[in-house]
Amino acid sequence: MKHRYLPMTSQDEKDMLETIGVQSIDELFSDIPEKVRFKGEYNIKPAKSESALTKELAQLAGKNADSVRYASFLGAGVYDHYKPIVVDHVISRSEFYTAYTPYQPEISQGELQAIFEFQTMIAELTGMDIANSSMYDGGTALAEAGMLAAGQTRRKKILVSGAVHPESRDVVRTYALGQSIEVVEVPLKDGRTDIDALKEMVDENTATVMVQYPNFFGQVENLKELEPIVHGAGALFTVSSNPLALGALTPPGKFGADITVGDAQPFGIPEAFGGPHCGYFAVTQKLMRKVPGRLVGETTDDEGRRGFVLTLQAREQHIRRDKATSNICSNQALNALAASVAMTALGKEGAKEIAVQNITKTHYMKQQLKKSGFEIAFDGAHFNEIAVKIGSSVKELNAALFEKGMIGGYDLGLSYDELQGHMLIAVTEQRSKEEIDAFVQEIDAFVRETEASHA
Amino acid sequence: MHKDNQPLIFEMTKQGRVGYSLPELDVPEVDLTELLGQDLVREEFAELPEVSELDIMRHYTALSKRNHGVDSGFYPLGSCTMKYNPKINESVARYSGFANIHPLQEESTVQGAMELMYDLQEHLKEITGMDEVTLQPAAGAHGEWTGLMMIRAFHEANGDFKRTKVIVPDSAHGTNPASATVAGFETVTVKSNEHGLVDLEDLKRVVGDDTAALMLTNPNTLGLFEEDILEMASIIHKVGGKLYYDGANLNAVMSKARPGDMGFDVVHLNLHKTFTGPHGGGGPGSGPVGVQADLIPYLPKPILIKTDEGFTFDYNRPESIGRVKPFYGNFGINVRAYTYIRTMGPDGLKKVTEYAVLNANYMMRRLAPHFDLPYDRHCKHEFVLSGRRQKKLGVRTLDMAKRLLDFGYHPPTIYFPLNVEEGMMIEPTETESKETLDDFIDAMIQIAREVEENPEIVQNAPHTTVINRLDETKAARKPVLRYQKPTDSE
C-alpha cells in the first residue's frame, strides 16, 4: 500500500537494493537473531485516512470540556490566560518547529536569537542576572534548583514551604531521593510560610529554602523577611514564581533570590491537560556556570557580525557525561518561543496591565464572596487566587457549576487535610464581571440548598 | 541570502507602541499599594519590547528565515530521527478539546483526553512488548532517569542496597551516564569490540553484585544491531541486574524486534523522534517509559486505569517512585504521537522501519568509497563514517559539516559516538526520497573531492550562510547571555 509519508517507489526500492548488493529488504535485517525477531505486524488499530482520523479525533476532543466553551475558575498552577493570536502564527512556522537543537549556529540563527531574547525577557521579569533557554516545566525546574543548591553548598537538606505547589513538592522529593537529599516541609501560618518556624528549622545542613511567590494559595509571600533568614544560615534562596505576576509584583531578584524558577505557561501557552508547558530557570551571575540545560550567548564571526551560539556547554551532558550539572537534553524550546512572542505582544505596559487586571478581578471576586457571607481562608495580599470556605463538598459544587457552564476551582482538601471543604478559585483577566457575578451567585445558591437539605 | 543582522526585538522598541489587546477593566480599580503594601508593588517596568503586531510578525518571520528545519531541507542528523512532521498532528493537537483543557478538571469532564492517553499506552505496550507504560516523563533523558529510579526502587525493595553501578557502552549518548548520576548511581563503561558491538568479555568483567543495570540502545549509536543481545541480557540478569533500553533508535526496529522480546526490563521512547513529535527547535519532547511486570509497582504516580465507570487516575501506589513531573506528561506531544501511530497503522509502521533501513544502507554503500567506513556490515537506520582520510589532508569533519551548509543541508551529527575518530553519523529517515538522498550523496562526494583538490574551500566554509563561523571561545570566555539596554551615556 502506498503511503503519503513514504516516497519510495518499487523501482526506487529495486535500484537501491541492487546498489547495496542484496536481494531484499529482509536481508538487511538478517543480523537480528531469529529468536528475538518479531514476526508479522503489530496488533494495533489499522491505519485511517486523513479525513476519517480527523473526524474520529475531533469527536474524542469533543468529549472534553474546554475553557473556550466553559468559563474556568480553575488555576492551581495552570491558567486560562489571554493568548495573543500572533503566538500560534509564529510557532506554526515550520522553520522553527521542524528544527532541532541549534547545534549548527550558521543555519540556526533564528532559533538562537529567539532563545537569547527569551533569556533576556525572563531575566527582566524575575530581576535575575541571567536565565537559561528553558526547562521541562516549573516543577522539574524547582527540583533542579534543589540539586544545584545541594551541589553548590555541599549540603544535603532542602527546606520547602508547604505553600509550594503540591505536585512540584512531589517532584522535588523524587529528584532528592535520587541524590539522597533530605526534604523537609516548612509549615504554614495563615496561608503563608511560617517565618518563625523557618527560623527554627534552618541550620548548617540546609542547602536551600524554597518558597513560591505568589504561593499555591495565591498569597504573596514576604520575601523581604524570608531572605535574611535563609542567607543567614548560608543557604541559597530559591523562589518559584509565576512570571505573569511579576509584571506587577516586585521581582524575586530585588529581594535577593539566588535562584528563581517557574513556568511560563501563563504567557501564551495552552493548558493542554498539563503539558507541554515551559519551565524557566534564572540565577545570579555567581551561579552562571552551575545552571542546568542550554544557554545561548552572543558572539561575533570573523567579519565582526553579531551572532548567537550555544555556550558554556562544558556544563552539559553531551560534553561532561556523568559529571554534567543535569541530564537534561531536549527542553521546551518551541514553548519558550511561544512565551517570548506573548511577552513581546504584551510588552512593557501590557505585562503590567495584565497582572494588575488579575489582582483587581480577584479582589472583586473576594469582595463579592465576602458580601455573600463566605469566609475567605487567608486574607493576606493575593495575586489571582483565593481560598474560600465552601463547607460542603467541593466536588458536588463543581458538578453544579459545570451544569451552568462553569469550571469550578481546585478542591484544596485533596492536598491539605486541614482545608477540607475549601476551594481555590482563580480569576484571570479572561473572566468578566458578569461571569464572576454568576459564579458567586451559583455557589451561594448551592451552599444554601445544601444547608437547607441538611436542616 | 542577505547577511544583515536581524535586530533584537528590544532594539526595535519604540515607546508608545503595543502589540496586545486586553479587555477594558469591568470591575472597580484598586489601589495596589494599599492592597499589597509598598514593598510588593513593582517599582520599575520589566524592560519588555514595545512593538506593534506587524513588527512582531516581521521580526519572527525574519528569524524563521534564518533557521533550517526539516521542511526547509534534508536534515540527516544522526540519532535524532529528523523525519517529516505530519501536519495532521499539528491540527489535531490544536483541537480545543485537547489544547484548552485543565489537568485538574473533574475527571468526568476530560474522559476523551484520558481515553486517548490510555489507548496510546496500549499501542506503545504492543510496539515495545512491555507490560505497562507511563506517559509522564517529558523527554528522553527524563525517561532514562525515571527508569533508573524505578530500577533503584526495585533493588531497594528487595533489600538490595549494594547495587550502585550502572553500566553504559563507550558509544552511549551523554544523557545515559548523566541520568545515572542524577539517579544516584556510579557509571561504569563497557568497551566496544572490533565489530562496533559491546565486548561480551569486557561486559562479563564489569558486571557483579553491585550492578544495578546495563543501559543499551539497540541498534547502538553506530547504527549496528547488537546481535548478542540475548547473551547480554542473560549476563546482566544472572548477576541480578536490569536491562535498560534507550529508545532513541526505535525507528530502526519497529515490527522487526521488540525490546520486551530482547530481554529488556525497562524502555523509554522518544515520541518526538520515532513518532514525529516534532522537535520544536530543541523540544518539547515526550519520553514515555515501559516496564516489565515486576517493575509496575514502582511506576511514577498517578497511573491511568480503565474502570467500568470510565478512566481514572490511581494515586494509591505505595511503592511508586513518586511524581517525576507535575500532571501527566507532555500531553500535547502525546496527542501528536497518537495521531501518527493511527495514521500509519501496523503495516505503515513496518514500512517506516524497512525504508529507514533501506535508505541508510543505500547511502552508506554509495558513500563508502569516498570516506572511511569503520564498521563494514549492514547498518540499521543510521551509519557512522570517519573523516580520518580527510583529516590527513588537513580537513576536519567539522569543516566538511560546515561545507554541507553551502549545499543547503543540515549536516550529520559529528564527533559522535566518541569511539569513532572524526565521526559523521548519518540518519536519512524513511520520509526522504531517493532523489534527495542522491543529491546529498553527490554533495558529499564533491566535498571529498574538494578536500583533495581545493581544501581551502572546505576549511573556510560556510560561504553562503547568513553568518560565518562564530567565535565560540569568545562566547564562553566572556559570556553575554542577555541583552542590556544601553545607558544614556553609551
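Author: Helices (H or I, at least four residues) and strands (E, at least two) are DSSP runs, numbered from the N terminus. This is a predicted model, where local features need pLDDT of at least 70, side-chain atom pairs count only at pLDDT 80 or more, and totals for chains, interfaces and linings use all residues. Residues are numbered from 1 along each chain as its sequence is written, while chains are lettered from A and ligands numbered from 1 in the order in which they are written.

Reader: Okay, where does α10(B) bend, and by about how much?

Author: At Gly345(B), by about 95°, and a proline, Pro346(B), follows within four residues.

Reader: Why is α10(B) said to be largely enclosed?

Author: First, the cut-offs: a residue is buried if 20 or more other C-beta atoms, placed from the backbone, lie within 10 Å of its own, exposed if 12 or fewer, and partly exposed in between. In α10(B), 32 of the 37 residues are buried, so the rest of the structure largely encloses this helix. Across chain B, buried residues make up 58% of the 490 residues; for chain A, the share is 62% of 455.

Reader: And the interface: how many residues of chain B are in contact with chain A?

Author: Two residues are in contact if their C-beta atoms, placed from the backbone, lie within 7 Å. By that rule, 172 residues of chain B are in contact with 168 of chain A. On chain B's side, α10(B) gives the most, with 23 residues.

Reader: Which residues is Val341(A) in contact with, leaving aside its neighbours within four places in sequence?

Author: Val341(A) has partners in both chains, including Val86(A), Val90(A), Ile56(B) and Tyr60(B).

Reader: What does the secondary structure of each chain come to?

Author: Chain B has 15 helices and 12 strands, whereas chain A has 13 helices and 17 strands. As for extent, the C-alpha atoms of chain B fill a box of roughly 75 × 70 × 45 Å along the principal axes, and those of chain A one of roughly 85 × 55 × 50 Å.

Key. Bend = angle between axes of the 7 residues up to and from the residue.
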